[in-house]
Structures are given as C-alpha cells and as structure tokens.
Amino acid sequence: MTEDNARKVYADIIDLPHHQSTARKHMSLYDRAAQFASYKALSGYEDMVIEEARSVDSEIELSENEISIINAVIGEISERTANGDHPTVSVTYFKPDHHKKGGSYETLTGIVKKFDPTDKKLIFYGSDDIEDKRIPTADIPVSRIIKITYQQG
C-alpha cells in the first residue's frame with residue numbers, strides 16, 4: 001500500500017488527535033516495556049546460545065607409533081592385573097560430549113582393577129569401599145587414550 005492509498009483509506013481518522021485517557025496517568029515507556037519483561041517468546045533460546053558458545057575439543061588422531069606404545073603399556077598393565085597386582089595408572093583420554101560434536105580431554109589417576117580384552121577397556125576401582133570391596137567406577141576405552149603412565153615395579 002502506497003502512502004497516497006493509505007491516506008485515502010484512513011482519511012477519516014488519520015488527522016484525529018491521539019487519545020489520552022483522562023482517568024489514567026500516561027504510562028512511561030519504561031513501565032510499558034516492563035510489563036512484557038517476564039514474557040519470553042523464545043523459551044530455551046538463552047540456553048541454546050550458551051550451549052552453542054560452549055567450546056569443545058576435537059579428538060586427536062594418534063600415530064601408529066603412539067598407538068603401539070599405548071598398547072604395550074596396556075599389555076604390561078593387563079599382565080600385572082592378571083597376576084593380582086593392581087597398579088596406580090594415570091590416563092589422559094578423550095571424553096565425547098553428549099550434546100555436540102567433539103568433547104574434552106580428561107586425566108584420571110586411579111587403581112586399575114583389570115583390562116577387559118573383549119571391550120578393550122581399562123576398568124578402574126572407585127574410591128568407595130563397601131565391606132572392603134572396591135567398586136569399579138570408571139572404564140575407559142583404549143581407543144580414547146592419548147597418554148598413559150604408571151609406576152612400574
């Protein structure tokens with residue numbers, strides 16, 4: 001609609017003065033805006049923006065040499081646990097993010113219960129003791145490990 005057409009259509013009311021109530025005081029712009037402050041047309045939008053801004057790491061791809069070193073250390077740990085020894089091991093591994101592509105690198109230091117050759121996981125004892133039985137609380141897939149150290153002996 002052009003301005004000329006609008007003037008013709010609304011000619012009977014376009015030049016009327018703006019109505020001001022005599023019974024009520026004119027509301028300030030601040031108060032008019034405040035009445036809509038609690039209304040959020042896009043519920044969850046702020047959470048989405050925060051989630052999108054959260055940074056995640058990409059998974060590092062190890063070289064064949066690095067993989068063979070990690071596998072050799074895992075083999076030593078597997079032998080020790082099979083013989084009843086439970087070494088303290090420190091592992092840096094990639095933990096995938098459940099909400100977006102990528103994840104983060106975490107380091108866990110704990111006592112290894114065993115190596116599971118079927119699922120290829122290191123299973124760690126937890127810190128809780130129930131009737132002198134340490135409960136496994138963490139298992140880490142070998143494919144996610146980028147660094148592993150332990151005290152030999």
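**Figure 1. Tyr93 is a buried residue of this predicted model.** The relative accessible area of Tyr93 is 13%, which is under the 20% limit, and the residue is therefore classed as buried. Tyr93 belongs to strand E1. The C-alpha atoms of Tyr93 and Thr107 are separated by 6.4 Å, although the two residues are 14 residues apart along the chain.

**Figure 2. Strands E1 and E2 form an antiparallel hairpin.** Strand E1 covers residues 88–96 and strand E2 covers residues 103–116. Nine bridges join the two strands.

Figure 3. Within E5, Ile145 is the bridge partner of Tyr93.

**Figure 4. The largest nonpolar core contains 17 residues.** Those with the most contacts inside this core are Ile74, Ile77, Val89, Leu122, Ile145 and Ile148. At least two residues of the core are supplied by each of helix H4 (64–82), E1, E2, strand E3 (121–130) and E5. The most is given by H4, with four residues. In soluble globular proteins, nonpolar side chains tend to be buried together.

**Figure 5. Ile77 is in contact with residues elsewhere in the sequence.** Neighbours within four places in sequence are left aside in this view. The contacts of Ile77 are then Pro87, Val89, Val112, Leu122, Ile148 and Tyr150. Ile77, Val89, Leu122 and Ile148 are among the residues with the most contacts inside the largest nonpolar core.

**Figure 6. The largest pocket has a volume of about 200 Å³.** Its lining is made up of His18, His19, Gln20, Ser21, Arg24, Lys25, His26, Met27 and Arg32. By class, the lining residues comprise five polar, three charged and one nonpolar.

Definitions and conventions:
Residues are numbered from 1 along each chain as its sequence is written. This is a predicted model: local features need pLDDT of at least 70, side-chain atom pairs count only at pLDDT 80 or more; totals for chains, interfaces and linings use all residues. Side-chain values use heavy atoms; hydrogens and water are left out. On a 1 Å grid over the protein atoms alone, a cavity is a set of points where a 1.4 Å probe fits but cannot get out, and a pocket is an open set with protein on both sides within 12 Å along at least five of seven lines; lining residues have an atom within 4 Å of a point. Grid points are joined across faces, edges and corners, and a volume is the space filled by probe spheres set on the points. Ala, Val, Leu, Ile, Met, Phe, Trp, Tyr, Cys and Pro count as nonpolar, Asp, Glu, Lys and Arg as charged, and the others, Gly among them, as polar. Two strands pair if DSSP finds at least two bridges between them. Buried means under 20% relative accessible area, exposed over 50%, partly exposed in between (1.4 Å probe, protein chains only). A nonpolar core is a set of buried Ala, Val, Leu, Ile, Met, Phe, Trp, Tyr and Cys residues joined through side-chain atoms within 4.5 Å. Contact means heavy atoms within 4.5 Å.
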